[in-house]
Amino acid sequence: MRALIYTGGDWPADALIHTLVPQADDFICCDGAANRALSLGLPIRLLVGDMDSIQPSVLQELQTCVSVLRLPREKDWTDLEMACKLAVERGADCITILGGLGGRMDHAMGNLQCLFTLACQGVDAQMEGKDEFVRVLLARQRLVGAKGKTFSLVPFLPDTVVEHMEGAFYPLHEAALPLGCTLGISNVAVEDVVDIQIQRGAALLFVVREPV
């Protein structure tokens, strides 16, 4: 089952958002992301958060038609972490997160932690930002229709090793990608399919939407 989660941060273009909605089966919204979701007419089935950033009028309207889980303001997890947990509990094995990047860097880093947790659980997860999307690679990943796209591979765990990366301007083979390394920044796909195999560890794959 596919779930679409709306959260804070920079969202992709409206046209892309509206192509993602028909592909999803469940729709979970984090707190203030409801302000934009409602303005765009996006479906919401569950609203999650401490309700500190949602507009009162939006909350009032949604309370009449969707399930609302109000979280305490003092808590040990973010609204997005709870939304991801609930999406999996509701049966999602594929999750797309709208937003999560941009804005405060600490929030963005925390959101990437949520993406990592989903990957470790075997969930096919992707975060859609304004100018790029990001995935966590633990094993093999194939980028299809990638020719000409700029992408970066950023280590997420110590001692990450890339077994191979083919179809890129800068291919990698048995390449160490330790924390602190910038080897994987700003590559370009020269083939329609880029094949990446992580031998050990984990990496973040950022794909820029338009060639730069």
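**Helix H5**

I began with helix H5, residues 105-120, in this predicted model. At 1.5 Å a residue, its 16 residues should span 22 Å, and I found the end C-alpha atoms 23 Å apart, which agrees. Next I looked up which residues of H5 are buried: Ala-108, Asn-111, Leu-112, Cys-114, Leu-115, Phe-116, Leu-118 and Ala-119. A reminder to myself: an α-helix has 3.6 residues a turn, so residues three or four places apart point the same way. What do the buried residues of H5 pack against? I noted helix H4 (79-89) and strands S5 (94-98), S6 (124-128), S7 (132-137) and S14 (203-208). After H5 comes Gly-122, with a positive phi near 85°.

**The cores**

I then turned to the largest nonpolar core, which has 31 residues. Ile-5, Ile-95, Ile-97, Leu-112 and Leu-115 have the most contacts inside it. At least two residues of this core come from each of S1 (2-6), S2 (26-30), S3 (46-49), H4, S5, H5, S6 and S7. A second, separate core holds 23 residues, including Tyr-6, Val-21, Ala-37 and Ile-54.

Leaving out residues up to four places away in sequence, Ile-97 touches Ile-5, Thr-7, Leu-80, Cys-84, Leu-115, Leu-118, Gln-126, Met-127 and Glu-128.

**Salt bridges**

How many salt bridges does the structure hold? I have 10 in my notes. One of them pairs Arg-36 with Asp-14, with 2.8 Å between the closest N and O atoms. Arg-36 sits in helix H2 (33-39) and Asp-14 in helix H1 (14-20), so this pair ties together parts 22 residues apart in sequence. Arg-36 is partly exposed at 31% relative accessible area, and Asp-14 is partly exposed at 33%.

Glu-128, which I had met beside Ile-97, forms a salt bridge with Arg-209, the closest N and O atoms being 2.5 Å apart. Glu-128 lies in S6 and Arg-209 in the segment after S14, so parts 81 residues apart in sequence are tied together. Is Glu-128 buried or exposed? Glu-128 is buried, with a relative accessible area of 5%.

I also logged Arg-142 with Asp-195, at 3.7 Å between the closest N and O atoms. Arg-142 counts as partly exposed at 45%, whereas Asp-195 counts as buried at 9%.

**Surface patch**

Finally, I checked the surface and found a nonpolar patch of Phe-169, Tyr-170, Val-188 and Val-190, with about 370 Å² of accessible area together. Val-190 is in the loop between S12 (187-188) and S13 (193-200), and is partly exposed at 34%.

Conventions: Residues are numbered from 1 along each chain as its sequence is written. This is a predicted model: local features need pLDDT of at least 70, side-chain atom pairs count only at pLDDT 80 or more; totals for chains, interfaces and linings use all residues. Side-chain values use heavy atoms; hydrogens and water are left out. Helices (H or I, at least four residues) and strands (E, at least two) are DSSP runs, numbered from the N terminus. The expected span of a helix is 1.5 Å times one less than its number of residues. Buried means under 20% relative accessible area, exposed over 50%, partly exposed in between (1.4 Å probe, protein chains only). Contact means heavy atoms within 4.5 Å. Patches are made of residues with over 30% relative accessible area and no salt bridge: like charges are joined within 9 Å, nonpolar side chains (Val, Leu, Ile, Met, Phe, Trp, Tyr) within 5 Å. Accessible areas come from the Shrake-Rupley method with a 1.4 Å probe; for residues, only the protein chains shown count as cover. A salt bridge is a side-chain nitrogen of Lys or Arg within 4 Å of a carboxyl oxygen of Asp or Glu. A nonpolar core is a set of buried Ala, Val, Leu, Ile, Met, Phe, Trp, Tyr and Cys residues joined through side-chain atoms within 4.5 Å.
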